Amino acid sequence: MYGLMDYYKFDVRLTEKDVSSTGWNCLSRTTSTYSSSLVNEILQEAHRLARAEAVCRAVPVVKTTGREIFLEGGQALTSSLLVRLAGTARSLLLVVCTLGHMIDRRVEEYNRKGLAAHAYFLDIAGTCLIEAAGRQLVEKIKTQLEACGFKSTIPLGPGHSYWKSLQDQRIIYDLVNPAKIGVTILKSGIMLPKKSVSMVMGIGRELPPSAENHCYYCSIRRKCPLSRARDPL
Ligand code: SF4
């Protein structure tokens, strides 16, 4: 539907822009020379271990209220920001993207061996990489949608301050079924592997304007090391 695929596999790399606009740059600058070379070594390791895969499903929108969007099949997603940006969408595109288990396992291994700095840097590198994977995938999806004459909203997701209900994570999980790329979900709504994200984008012909990314709508954007909000809204 909409010229999109339901499965994506791709190589993910942190670009210079990714590095300079996230906590990774800060980390490199504030560490000693010894740690700085370790940080770079670990970033290369994260690139080698990451296996970016994603599954997607476009679900038609049936009805919108002030704080919910109802989907075909009866499920509702409960973010008022989603309603504001995607309330006029024809469909919501639900996406789950993961880097696989290898980074999680290596972090555990470093911890078992008492290499706390290695574990810490690899965990942060994995977080930066899954964020970058999400951005790269969204660019690909936007290009495919535009080729079919459709627009899309910025991606939003449960678990950020603007979308508190982690129960919605379960709804997205059940609709997308990312078990086929090895992603499971806990009762709390947290997905495993840890370096996995869910994203929801509205698809339509006419959509309202929005900020460049979801960090502009997040209440912790000034403190979050991964924030991509350059200025307050
Ligand atoms: S600023 Fe908020 S939305 Fe952006 S990365 Fe941080 S927690 Fe997520």
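Helices (H or I, at least four residues) and strands (E, at least two) are DSSP runs, numbered from the N terminus. This is a predicted model: local features need pLDDT of at least 70, side-chain atom pairs count only at pLDDT 80 or more, and totals for chains, interfaces and linings use all residues. Residue numbers start from 1 along each chain, following the sequence as written.

**Val-61 and strand β2**

Val-61 sits in strand β2 (residues 52-64). Is Val-61 buried or exposed? Val-61 is buried, because 20 other C-beta atoms lie within 10 Å. The cut-offs are these: 20 or more other C-beta atoms within 10 Å of a residue's own make it buried, 12 or fewer exposed, and anything in between partly exposed, with C-beta atoms placed from the backbone. Leaving aside neighbours within four places in sequence, Val-61 is in contact with Ile-69, Leu-71, Ala-89, Arg-90, Ser-91 and Leu-92. Contact requires that the two C-beta atoms, placed from the backbone, lie within 7 Å. Leu-71 is 10 residues from Val-61 along the chain, and their C-alpha atoms are separated by 4.6 Å.

**Sequence separation and space**

Two further pairs can be read the same way. Lys-151 belongs to strand β6 (residues 151-152). Lys-151 is partly exposed, with 15 other C-beta atoms within 10 Å. Not counting residues up to four places away in sequence, Lys-151 touches Leu-145, Gly-204, Arg-205 and Leu-207. Glu-109 lies in helix α5. Glu-109 counts as partly exposed, with 13 C-beta neighbours inside 10 Å.

| Pair | Apart in sequence | C-alpha to C-alpha |
|---|---|---|
| Lys-151 and Gly-204 | 53 residues | 5.5 Å |
| Glu-109 and Thr-64 | 45 residues | 47 Å |

**Helices α5 and α6**

How do the axes of α5 and α6 cross, and at what angle? The axes of helix α5 (residues 102-112) and helix α6 (residues 116-147) come within 7 Å and cross at roughly 165°. That makes α5 roughly antiparallel to α6. Axes here are lines fitted to C-alpha atoms, for helices over the stretch in contact, and angles run from 0 to 180 degrees between N-to-C directions. Angles over 145 degrees count as roughly antiparallel, under 35 as roughly parallel, 65 to 115 as roughly perpendicular, and the rest as oblique.

The crossing of α5 and α6 is left-handed. In a left-handed crossing the near helix is turned anticlockwise from the far one by less than a right angle; clockwise is right-handed. From α5, Ile-103, Arg-106, Val-107, Tyr-110 and Asn-111 take part; from α6, they meet Ala-116, His-118, Ala-119, Leu-122, Asp-123 and Gly-126. The residues of this contact divide into 6 nonpolar, 3 polar and 2 charged. Ala, Val, Leu, Ile, Met, Phe, Trp, Tyr, Cys and Pro count as nonpolar, Asp, Glu, Lys and Arg as charged, and the others, Gly among them, as polar.

**Ligand shell**

Which residues surround the ligand? The shell holds His-160, His-214, Cys-215, Cys-218, Ile-220, Arg-221, Cys-224, Leu-226 and Ser-227. A residue is near a molecule or strand if its C-beta atom, placed from the backbone, lies within 6 Å of it. The shell divides into 5 nonpolar, 3 polar and 1 charged.

**Backbone exceptions**

Most residues other than glycine have a negative phi, and most peptide bonds are trans. Tyr-2 is not a glycine, yet has a positive phi of about 60°. Tyr-2 lies in the segment before β1 (7-10). Tyr-2 is partly exposed, with 17 other C-beta atoms within 10 Å. Asn-177, also not a glycine, has a positive phi of about 55°. Asn-177 is in the loop between α7 (167-176) and β7 (184-185). Asn-177 counts as partly exposed, with 13 C-beta neighbours inside 10 Å. A cis peptide bond joins Leu-192 and Pro-193, with omega about -5°. Pro-193 falls in the loop between β8 (191-192) and β9 (196-204).
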